[in-house]
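Keep the structure in view while you read.

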Amino acid sequence: MMAEAGAGGPRLAELLALGRRLWDELEASTEPSSGASAVQEKVRQGLDALQRAAAMVAQLELFSENEELEEIASADLKFMLLPALLGALTLKQVDLSRRREHLESAREHFLRFLKLCRNYGLGSFQLSTGSSSEEGAGSPSAPRDPAQPNLVAMAMSRTAKIERYKQKKELENKLASMSSSVESGTADEDQIREFYILQIQKWIGTSLEEIESIEQELVILRSRDAARQAPAGSRGPSRPARAPVKPFILTRDAAQARVFGVGYPGLPTMTVDDWYEQRRRQGVVSTPQRVPGAGDEELQKQQQETEEEEDNEEALQKARDWDDWKDTHPRGYGNRHNMG
């Protein structure tokens, strides 16, 4: 196995080193925007290097499901990190139009890394995403109402997160104390092996956290896409468009309609009864109810009394206006015909 890794030459190691260096620079970057051209150029270069390295690893068949962790050469352990690094760099892309595609691609990279680690017995974890049959094998559970939260699962998830956080801090401290000797070449075989295994364990925790975050974001994106694709009719019934009303003269009765019709030939006339009947047919108003027992003669009499009252009030108002005018204007005011 070591000879096959060497067949790739330093080229494979250089590609991995380039991808790792670019990732470290992106993590330590103080660039205010992840969409800056310089940042995205590093993301592109890092993805290209790691993808080429992953293709070479697959061609060399460095890892197999039929071998144990002890069979892997210490110098080859670092190449197990390739899928995890690919997932992390994929998430650094900022093209919003392809966000869902990038999330799903990153999730596949992280899952591939976790499955590889599990095959070699590195870390104890369960793959809940896309592997429900594996997670629940041999332990059938009772059906649960999806609307109710699974409190047991939530408590276990919280406990797992706390434990992963503690392990992550411990791993970072150990790696920091060992990195100088490994990078300088003074570390022995056992130290190099331990160093790479610690790195793998650190990235196991990172991958589990990233997958959980990706799943949450995908739920939001799916809901947004479903809302955009929903037909307009499902958003609620819309009111039918009402035809515009043409202008007309509303008159009290048919006789008045004939009078106004002569004076305004350009506008149609309509009595009150005709107007109500038209609105009733349109479903806007109901037909006005007449007073029970009231005949046409009684209605005409009421109408005539109403007109007389309005005429009397108008005459009374004119008389009051005339008295007011005489109080403020002396007799002969405005008469200029007999002036010398």
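The expected span of a helix is 1.5 Å times one less than its number of residues, and helices here (H or I, at least four residues) and strands (E, at least two) are DSSP runs, numbered from the N terminus. The model is predicted, with local features needing pLDDT of at least 70 and side-chain atom pairs counting only at pLDDT 80 or more, while totals for chains, interfaces and linings use all residues. Residues are numbered from 1 along each chain as its sequence is written, and side-chain values use heavy atoms, with hydrogens and water left out.

The protein has 11 helices and 2 strands, which come along the sequence in the pattern α-α-α-α-α-α-α-α-β-α-β-α-α. Of its 340 residues, 27% are buried, meaning under 20% relative accessible area with a 1.4 Å probe and protein chains only.

Helix α3, residues 37–60, has 24 residues and reaches 35 Å from its first C-alpha to its last, close to the 34 Å expected. Its buried residues include Val 39, Gln 40, Val 43, Gly 46, Leu 47 and Leu 50. An α-helix has 3.6 residues a turn, so residues three or four places apart point the same way. After α3 comes Glu 61, whose phi is positive, near 55°.

How do helices pack together? Two packed helices are described by the angle between their axes and the distance between the axes. Here axes are lines fitted to C-alpha atoms, for helices over the stretch in contact, and angles run from 0 to 180 degrees between N-to-C directions. The axes of α3 and α4 come within 10 Å and cross at roughly 155°, which makes α3 roughly antiparallel to α4, a term for angles over 145 degrees. The contact (heavy atoms within 4.5 Å) involves, among others, Val 43, Leu 47 and Leu 50 of α3 and Leu 82, Leu 86 and Leu 89 of α4.

Helix α4, residues 82–90, also packs against helix α5, residues 99–119, where the axes come within 7 Å and cross at roughly 160°. That makes α4 roughly antiparallel to α5. Among the residues that meet are Pro 83, Ala 84 and Leu 86 in α4 and His 102, His 109, Phe 110 and Phe 113 in α5.

Note on methods
Parallel < 35°, antiparallel > 145°, perpendicular 65-115°, else oblique. Buried < 20%, exposed > 50% of the residue type's maximum accessible area, 1.4 Å probe, protein only.
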